[in-house]
Amino acid sequence: MGKAQYFTDSFLDDMRMQMDPLADHAFSVIKEAANASYLRTIIASVHYNHEKWPEDLPPEAIQYFKQSARIPEFANLSKMKKGAAVFVKHADDILSMLGFASLPYCYAASDGARVLDASPRLINEPSKRLLETARFVMDVMDPLAFTPQGRGIKSIQKVRLMHAAVRYYILNSGHWQADKWGVPVNQEDMAGTQLAFWYIPIRSFRKIGISLSREETDDFRHLWSVVGRMLGVEERLLPDSAKESYQLLTIISRRTIKASDHGKALTRSLIDHFKDTPVKGPFEKITEPYMRYLLGDEVADAIGLKKEKFTKVFLKPLAGLRGVQNLMGSGNKFYRMRNLLGSQIRKKIGIQHHQYAMPQGLGQKPN
């Protein structure tokens, strides 16, 4: 049966109450031993894998950084290398799908999105959310990501520690209802995010006429599984095939996708941000239909995307017959829209030494 045997409601109910003991313990120890500003300094002081973390940290923190740097035993270096090549080949399109499909899908998961809603910065500064996420994706997908010259391992350690910080602050706010929503940044939600970052873009590719071979898809999946395990995702929640990925995404979607005011607010903030990017002017009117087409009606309805006849009467037949790019080339507005967004994200990250920020303003009462 493979890992599909674990994809049940009872197992996922349990996973909603599971966190990340290694990172959670390390964060609590660091927080007790140092103030918040020092912790932010630590996060900002180290960038590349060959750089060392400060030596004045508590032993438990040193142990976290040592243990979380280990590549999982199931990792296949050859497949990881080929998975990174898939990203390099399709970087602009993958980054575009991050904005048009992956993040909106996460916003549709109502209880998981409550965590994002708990930080005003994510509502008020969507560009930072998009760039931080893209920065992480580029760090872990780089061909040098897991070499001394790369940034992948250090970025994973930072994000994993930030997840622990989010859990700590929200759980200690006194407003989080774990019995209803699960613990913040729980294992099921992390697994759903994992799928959103690799499976949702690949699924979207099929809708816009980009074809990956079965081997390319599996290599890309494998690389993300390695990243997911290093982020603290339970190994049983990391599918071993595209088929298992579809099965897990289906059950997680059934359990978590539902309309919410905070999911709609996060989506609207993201769409408003697109108005300050190349996705404006002639592109602005087709942004929501394009997102709806990529995500499907259930997810689109949950996050409040407008319904347009335009989506089905033009975009779907166009992409379904030969693909947007293949049918009309780079002059087609849909192709230019996604290409411009992805290239702009990559350019901004290249120009700005974009940093991850430890969460601030967490803990207010969720909606």
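Helix H2 and helix H10 (residues 152–171) pack at an angle of about 75°, with their axes 8 Å apart. That makes H2 roughly perpendicular to H10, a label for angles of 65 to 115 degrees. The model is predicted, so local features need pLDDT of at least 70 and side-chain atom pairs count only at pLDDT 80 or more, while totals for chains, interfaces and linings use all residues. Residues are numbered from 1 along each chain as its sequence is written, and side-chain values use heavy atoms, leaving out hydrogens and water.

**H2 and H10**
- Residues of H2 in the contact (heavy atoms within 4.5 Å) include Leu-22, Phe-27 and Ile-30.
- On H10, Leu-161, Ala-164 and Tyr-168 are among the residues that take part.
- By class, this contact has ten nonpolar, no polar and four charged residues. Ala, Val, Leu, Ile, Met, Phe, Trp, Tyr, Cys and Pro count as nonpolar, Asp, Glu, Lys and Arg as charged, and the others, Gly among them, as polar.

**Arg-16**
- Arg-16 sits in the loop between helix H1 (9–15) and helix H2 (21–33).
- Its relative accessible area is 9%, so Arg-16 is buried (under 20%; exposed is over 50%, partly exposed in between, with a 1.4 Å probe and protein chains only).
- A polar atom of the Arg-16 side chain lies 2.8 Å from the backbone oxygen of Trp-181.
- Beyond its neighbours within four places in sequence, Arg-16 contacts residues including Asp-111, Glu-188 and Asp-189.

**Pro-148**
- Pro-148 is in the loop between helix H9 (126–141) and H10.
- Pro-148 is partly exposed, with a relative accessible area of 47%.
- The C-alpha atoms of Pro-148 and His-50 are separated by 4.7 Å, though these residues are 98 residues apart along the chain.

Note on methods:
Helices (H or I, at least four residues) and strands (E, at least two) are DSSP runs, numbered from the N terminus. A polar contact is a pair of N or O atoms within 3.5 Å; within protein, one must be able to donate a hydrogen and the other to accept it, and residues adjacent in sequence count only if both atoms are side-chain atoms. Axes are lines fitted to C-alpha atoms, for helices over the stretch in contact, and angles run from 0 to 180 degrees between N-to-C directions. Angles under 35 degrees count as roughly parallel, over 145 as roughly antiparallel, 65 to 115 as roughly perpendicular and the rest as oblique.
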